[in-house]
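Dear colleague,

I am passing on the structure that you wanted to look through, with the sequence alongside.

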Number of protein chains: 2
Amino acid sequence: MELYGFGESGNAFKVAFALQAMDIDWRLRKVAFFAGETRSAAFRNLNPMGEVPVLVDGDTVLSQSGVILDYLASKTGRFAGRSATERREVLRWLFWDNHKFTGQIGPLRFLTAFLPEEKRPAGAVPFLEGRVKAACKVLDTHLAGREWLVGSAPTVADLSLCGYLWYPEPHGVERALWPGIDAWLDRLAALPGWQHPYDVMPRSFPGADARDK
Amino acid sequence: MELYGFGESGNAFKVAFALQAMDIDWRLRKVAFFAGETRSAAFRNLNPMGEVPVLVDGDTVLSQSGVILDYLASKTGRFAGRSATERREVLRWLFWDNHKFTGQIGPLRFLTAFLPEEKRPAGAVPFLEGRVKAACKVLDTHLAGREWLVGSAPTVADLSLCGYLWYPEPHGVERALWPGIDAWLDRLAALPGWQHPYDVMPRSFPGADARDK
């Protein structure tokens with residue numbers, strides 16, 4: 001399978017992590033996000049929503065990480081949940097992630113880490129920080145005394161929600177404040193196939209790779 | 001079926017619209033949102049995410065409108081898409097709605113219409129307005145020369161994305177600017193079962209019903 005993505009995209013990382021954890025053969029098609037590639041006509045032709053990740057599996061072209069994760073879980077039967085009830089719970093957490101968790105964390109990190117301060121809309125960062133904190137409380141409470149989000153095994157819901165929490169740039173989730181989230185991330189990082197996002201896909205931000213040297 | 005919701009919730013309206021369009025027998029369990037009911041222990045016991053809508057169908061208790069819409073479409077075979085490819089497309093738009101469309105429109109309307117100005121986080125409104133406008137462009141472009149989001153018939157994707165666009169309070173989507181969205185909303189309002197959200201469920205905002213008299 002071919003994955004369109006780049007290092008900084010936590011949404012692309014969710015899919016890359018799933019592909020590796022499910023032991024699927026895949027290759028990266030790196031997208032030059034910060035050079036504007038997702039706004040190009042060629043990319044919009046592939047995905048009119050103008051977003052990564054896009055997964056290509058033969059004739060099937062999918063976007064939105066939640067759909068891709070659901071597709072991979074259905075296709076392989078892995079990380080899918082073990083009953084119809086569990087599968088609905090997995091889908092529920094995938095939606096909640098897009099709506100309330102990653103949906104706030106992603107823009108918060110983008111504004112603070114990748115947008116020059118003079119272009120940052122005043123007040124947006126504290127607003128998003130408040131929303132991330134409220135979502136962390138829901139997630140941390142759910143994880144108290146529980147190893148995984150749904151049932152007794154990891155599912156694509158876990159692979160989705162953790163997507164942005166590995167990055168060094170500020171994203172609003174301080175692990176030290178949330179013991180349930182902190183321990184769950186340790187369990188996730190111990191799964192076969194986990195690697196740090198910046199080791200899975202090269203970065204797109206200008207000079208990012210040079211800075212590491 | 002029993003739906004937990006209230007008039008102001010566009011996410012609850014999505015489900016109410018689907019229940020009516022699918023001709024399902026349902027009743028409302030009104031939630032006193034503005035009196036804090038979704039933060040109560042009893043409500044959190046029903047839904048730890050602390051959100052409406054919640055749908056109860058016998059032993060099945062579901063939250064997140066996207067999951068509920070997927071459940072209703074699967075159960076009835078209506079508004080579901082006509083092939084596996086269409087069903088994945090429906091799910092993709094449901095995710096995009098939660099992530100990029102309603103996920104921005106809902107908070108924008110909440111901040112401007114229901115939060116006193118002194119409590120409104122500075123800068124959050126223009127930030128959200130920008131994100132809504134970018135999403136409108138994607139949606140309007142997709143709807144050009146097309147009647148429904150997926151295939152040739154309405155699906156739960158249409159019922160989802162329109163959820164907040166009926167409200168008189170500011171939500172960032174000006175119909176006059178987006179001809180594709182405007183015509184699509186006319187088609188949606190002509191579907192059997194459509195009613196204005198404030199006619200489907202009573203409001204929760206203090207004094208809202210009295211103001212109408």
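Below are the notes, from the whole chain down to single residues.

This is a predicted model, in which local features need pLDDT of at least 70, side-chain atom pairs count only at pLDDT 80 or more, and totals for chains, interfaces and linings use all residues. Residues are numbered from 1 along each chain as its sequence is written, while chains are lettered from A and ligands numbered from 1 in the order in which they are written.

Chain A as a whole

Chain A has nine helices and four strands, where helices (H or I, at least four residues) and strands (E, at least two) are DSSP runs numbered from the N terminus. Followed along the sequence, these elements of chain A give the pattern β-α-β-α-β-β-α-α-α-α-α-α-α. The radius of gyration of chain A is 17 Å, close to the 17 Å that the globule rule gives for 213 residues, so chain A is as compact as a globular protein of that length; the radius is taken over C-alpha atoms, and the rule is 2.2 Å times the number of residues to the power 0.38. The C-alpha trace of chain A spans about 45 × 45 × 35 Å along its principal axes. Of the 213 residues in chain A, 45% are buried, a residue being called buried if 20 or more other C-beta atoms lie within 10 Å of its own, exposed if 12 or fewer, and partly exposed in between, with C-beta atoms placed from the backbone. Two residues are in contact if their C-beta atoms, placed from the backbone, lie within 7 Å, and among contacts in chain A between residues at least 6 apart in sequence, 70% join residues at least 24 apart.

The sheet

The four strands of chain A form an open sheet with mixed pairing, in the order β2-β1-β3-β4; two strands are said to pair if DSSP finds at least two bridges between them. In chain A, β2 and β4 stand at the edges with a single partner strand each, so one side of each is left without a neighbour in the sheet. From one strand to the next, the twist averages 20 degrees, with axes being lines fitted to C-alpha atoms (for helices over the stretch in contact) and angles running from 0 to 180 degrees between N-to-C directions. Strand β1 (residues 2–5) of chain A pairs with β2(A) in the parallel sense over four bridges, and E2(A) stands opposite R27(A) in β2(A). Helix α1(A) packs on this sheet, where it touches β1 and β3 of chain A, and its direction makes about 155 degrees with that of β1(A).

Two domains in chain A

The domain assignment of chain A gives domain 1 (2–78 + 196–204) and domain 2 (84–189); such bounds come from an automatic or database domain assignment. The C-alpha centres of domain 1 and domain 2 of chain A lie 19 Å apart, and the contact takes 14 residues from domain 1 and 13 residues from domain 2. On the side of domain 1 of chain A that touches domain 2, the elements giving two or more residues are α1 (10–21) and α3 (65–76) of chain A, and the largest share, seven residues, comes from α1(A).

Where the chains meet

Between the two chains, 27 residues of chain A are in contact with 27 residues of chain B. The elements that give two or more residues to the side of chain A that touches chain B are β4 (60–63), α3, α4 (84–114) and α5 (124–143) of chain A, and α4(A) gives the most, with eight residues.

Backbone details

A cis peptide bond, with omega about 0 degrees, joins V52(A) and P53(A), and P53(A) is placed in the loop between α2 (41–46) and β3 (54–57) of chain A.

D23(A), a residue other than glycine, has a positive phi near 60 degrees; D23(A) is in the loop between α1 and β2 (27–30) of chain A, and D23(A) is exposed, with 10 other C-beta atoms within 10 Å. F79(B) is not a glycine but has a positive phi of about 55 degrees; F79(B) is buried, with 22 other C-beta atoms within 10 Å.

With best wishes
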